[in-house]
Amino acid sequence: MRRPHRPTGKPRGGGQRLPIRATNPIIVKLCKEIDRRGISVISVERGSGVSHKAISNWRRGLRVGNLANVEAVLNYLGLDLVVKEMGK
């Protein structure tokens, strides 16, 4: 049986952000942009279709997202993934 939610004035889950431990520069940029905008990972999940657990794993450096999922989150944030030739 679930306990009824009792509002405490604090966001559920403590509302604290995990430190960014990712080493991939695209994932680091993505996480910093989420933080800068103050968007919750749940909101990103709802808007992009990528699970909040996957995004949290990227942030913690446990996984690097596949290209389709990274692009979905970037598009939700209004960002594009651009490929260019090296040295140009």
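Predicted model: local features only at pLDDT ≥ 70, side-chain atom pairs only at ≥ 80, totals over all residues.

Let me begin with the core. The largest nonpolar core comprises 16 residues. Within that core, the residues with the most contacts are Leu30, Ile34, Ile55, Trp58 and Val73. At least two core residues come from each of α1 (25-37), α3 (52-59) and α4 (67-76). The largest share, 5 residues, is supplied by α1.

Which residues does Ile55 contact, leaving aside its neighbours within four places in sequence? They are Ile34, Val41, Val44, Glu45, Val50 and Val73.

I turn now to the helix pair. The axes of α1 and α4 lie 11 Å apart, and the two helices pack at an angle of about 30°. Because angles under 35 degrees count as roughly parallel, α1 is roughly parallel to α4. Their crossing is left-handed. On the α1 side, Ile26, Ile27, Leu30 and Ile34 take part, and they meet Val70, Val73 and Leu74 in α4. Sorted by class, this contact has 7 nonpolar residues, with no polar and no charged ones.

Finally, consider Glu33, which is also located in helix α1. Is Glu33 buried or exposed? Glu33 has a relative accessible area of 7%; since buried means under 20%, Glu33 is buried. Apart from neighbours within four places in sequence, Glu33 is in contact with Leu77 and Leu79.

Thank you; I welcome your comments.

Technical notes
Residues numbered from 1 in each chain as written. Heavy atoms only, no water. Core = buried A, V, L, I, M, F, W, Y, C linked by side-chain atoms within 4.5 Å. Buried < 20%, exposed > 50% of the residue type's maximum accessible area, 1.4 Å probe, protein only. Helix = DSSP H or I, 4+ residues; strand = E, 2+ residues; numbered from the N terminus. Contact = heavy atoms within 4.5 Å. Axes fitted to C-alpha atoms, helices over the stretch in contact; angles between N-to-C directions. Parallel < 35°, antiparallel > 145°, perpendicular 65-115°, else oblique. Left-handed = near helix turned anticlockwise from the far one by under 90°. Nonpolar A, V, L, I, M, F, W, Y, C, P; charged D, E, K, R; others polar.
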